[in-house]
Amino acid sequence: MAPPAVVENLPAPLNSSAEQPPLFDGTTRLYTSYACPYAHRIWITRNYKGLQDKIKLVPLNLQDRPAWYKEKVYPVNKVPALEHNGKIIGESLDLIKYVDSNFEGPPLFPDDPEKRKFGEELWSYVDEFVSVVFNSFKGEGPKECASAFDHLENALGKFEDGPFFLGQFSGVDIAYIPFVERLQSYLSEVWKYDITAGRPKLAAWIEEMDKVDAYKQTKTDTKEFVEFCKARFGAQQ
């Protein structure tokens, strides 16, 4: 079970004029962006495991990011990145497992072999899911991405001991929810498409995710993502 909810005063994003925090001074830092779905995964992970006092948030303004981030912290120049034990680790899916394995708190993956196997299948599919949906925005939208949401609907019917992908809440849910919530907003606003229509298990999953404290604490307005997609793919079809 996750620790009790913690009310956190979120630091303001650092822009190009901000000073660099000390590097490798023993503080564990999560370089992040409140708007980025990839970074959102690790923010949820941190909070679910009750690590608010162990992992310090360092949010960046991605539209005006500090030069020192690429030059001195993470040459890839993307978020998320975790500063821990004298090294910088990136890639959000890797970081979910890294934080789960290297820090205290409730485990994010079940012991049951069948659930672990299915979880790895869903883990391997998440990048394809994101790619299919994003690419559909260049074409016919819902006609091209409906199968991706059908895949999630079918996956959510695998286990009956809870509403989540592996029955109980896990890292798999964390991998998907930051994208599903943002894509849901964009498809609704621009394409007038409801991803939960005809998909009751997906609707129930989103509803249950909204009750998970670690997710509720990290939800931000999806407007920035919607505007990004409008600029990239067009405001209306």
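## Strand 1 and its surroundings

Four bridges join strand 1 to strand 2 (residues 56-59), and the two run parallel. Strands pair here if DSSP finds at least two bridges between them. Strands (E, at least two residues) and helices (H or I, at least four) are DSSP runs, numbered from the N terminus. This is a predicted model: local features need pLDDT of at least 70, side-chain atom pairs count only at pLDDT 80 or more, and totals for chains, interfaces and linings use all residues. Residues are numbered from 1 along each chain as its sequence is written, and side-chain values use heavy atoms, with hydrogens and water left out.

**Annotated region**
- UniProt, in an unreviewed entry, lists residues 26-107 as "domain: GST N-terminal".
- UniProt positions follow the numbering used here, feature names are shortened, and annotations may be inferred rather than shown by experiment.
- Over residues 26-107 the chain is 37% helix and 20% strand. The end C-alpha atoms of that stretch are 24 Å apart.

**Strand pairing**
- Lys56 in strand 2 is the bridge partner of Arg29.
- Strand 1, helix 1 (residues 37-48) and strand 2 form a right-handed β-α-β unit. Right-handed means that, with the strands pointing away from the viewer, the path from the first strand over the helix to the second runs clockwise.
- Strand 3 (residues 81-84) runs antiparallel to strand 1, joined by three bridges.
- Ala81 in strand 3 is the bridge partner of Tyr31.

**Side chains of strand 1**
- In a regular strand the side chains alternate between the two faces of the sheet.
- In strand 1 (residues 29-32), Arg29 and Tyr31 point one way, and Leu30 and Thr32 the other. All are buried.
- Buried means under 20% relative accessible area, exposed over 50%, and partly exposed in between (1.4 Å probe, protein chains only).
- Thr32 has a relative accessible area of 1%.
- Leaving out residues up to four places away in sequence, Thr32 touches Ala39, Leu57, Val58, Pro59, Leu60 and Val79. Contact means heavy atoms within 4.5 Å.

**Backbone exceptions**
- Most residues other than glycine have a negative phi, and most peptide bonds are trans.
- The peptide bond from Val79 to Pro80 is cis, with omega near 5°. Pro80 sits in the loop between helix 2 (67-73) and strand 3.
- Asn77 has a positive phi, near 65°. Asn77 lies in the loop between helix 2 and strand 3, and is buried at 19% relative accessible area.
- Phe24 also has a positive phi, near 55°. Phe24 is in the segment before strand 1, and is partly exposed at 41% relative accessibility.
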